[in-house]
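Morning, everyone. Let me put the structure up, and then I'll walk through it.

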Amino acid sequence: MWMSIWVSIHLAAVVVSYTSVVEPSSLQAKLVQFLQPYLRISHFGADDRPVYLAHGDALEQPHRLQVSSSKGDARQFDDTDWRTIEGFGGRAAPGLAASDRMARFLSTVALLSRNEQPSLVAELLLPIATEDAQLTAIRIVRLPTDLNDINVEVEAVYEARIVRKEDSVSLVQLREERLSTEARPVTGGPTDE
């Protein structure tokens, strides 16, 4: 009997915590404030953070791992030349642990790429590149997370060419061209006037 009373109180506290996130009434605000010590200890407190309903689909993940078997310069490939890999060794079911691990893996690789750690990124992506001998390029793209902004394009966070020589496979990162600080060549000497 005491267990069922405790479970009922616990479920009521959780429901009050998550339903008071959007616009709490005065009663909800008082209940959340009263239940806050229990909710924090049990890690069920929303703490005024927005809560989103999600299905755990791959479409809800901002990063995609894409590979290509096309020949030529990977910078000139269009979207049809790339195919998305959902999971290693097969398709990861959305919402399950394998899908979550893949999402964390891709966000970690994207973070390393943004922090200019190309050797670590290449080391992490090398098993994927060696899995299929037909692959010529690999990239991680970031989809826009704000669905209201239609002008934002898909951004390639990391893009590399897969180079195969005999038994070795390596990744060569394709970087965007940057401005150079090299001095211009002098065409003529100074003239005396």
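**Helix H4**

Start with helix H4, residues 118-131.

The bend is about 45 degrees and sits at Leu 125, shortly before the proline Pro 127. Which residues of H4 are buried? Val 121, Ala 122, Leu 125, Ile 128 and Ala 129. Note Leu 125 there: the kink lies at that residue, and Leu 125 is buried.

**The whole chain**

Now step back. The protein has four helices and five strands. Read from the N terminus, the order is α-α-β-β-α-α-β-β-β. There are 193 residues, and 28% of them count as buried.

Next, the contacts. Take those with a separation of 6 or more: 56% of them come from residues 24 or more positions apart. As for surface, the protein exposes about 14500 Å². Carbon and sulfur atoms supply 55% of that area.

**Helix H2**

On to H2, residues 26-41. This helix has 16 residues. From first C-alpha to last, H2 reaches 23 Å, close to the 22 Å expected at 1.5 Å a residue.

H2 is kinked as well. Where is the kink in H2? At Leu 35, shortly before the proline Pro 37, with a bend of about 60 degrees.

Stay on Leu 35 for a moment. Leu 35 belongs to helix H2. Is Leu 35 buried or exposed? Its relative accessibility is 17%, and buried means under 20%, so Leu 35 counts as buried.

After H2 comes His 43. Its phi is positive, near 60 degrees.

**A patch at the surface**

Met 1 is in the segment before H1. With 73% relative accessibility, Met 1 counts as exposed, because the cut-off for exposed is over 50%.

Met 1 is also part of a nonpolar patch on the surface, with Trp 2, Ile 5 and Ile 9. Together these residues have about 530 Å² of accessible area.

**The salt bridge**

Last topic: charges. Side chains of opposite charge can pair when their charged atoms come close. How many salt bridges does the structure hold? One.

The partners are Arg 83 and Asp 132, and their closest N and O atoms are 3.7 Å apart. This pair links distant parts of the chain, 49 residues apart. Arg 83 is in strand E2, residues 83-85. Asp 132 is in the loop between H4 and strand E3, which covers 137-142.

How accessible are the two partners? Arg 83 is partly exposed, with a relative accessible area of 43%. Asp 132 is partly exposed too, at 28%.

**To recap**

Two kinks: Leu 35 in H2, and Leu 125 in H4. One nonpolar patch, made of Met 1, Trp 2, Ile 5 and Ile 9. One salt bridge, between Arg 83 and Asp 132. And again, the model is predicted. Thanks.

Key: Residues numbered from 1 in each chain as written. Predicted model: local features only at pLDDT ≥ 70, side-chain atom pairs only at ≥ 80, totals over all residues. Heavy atoms only, no water. Buried < 20%, exposed > 50% of the residue type's maximum accessible area, 1.4 Å probe, protein only. Contact = heavy atoms within 4.5 Å. Areas by Shrake-Rupley, 256 points an atom, 1.4 Å probe, with all protein chains shown as cover. Expected span 1.5 Å × (residues − 1). Bend = angle between axes of the 7 residues up to and from the residue. Patch = residues over 30% accessible without salt bridge, like charges linked within 9 Å, V, L, I, M, F, W, Y side chains within 5 Å. Salt bridge = Lys/Arg side-chain N within 4 Å of Asp/Glu carboxyl O.
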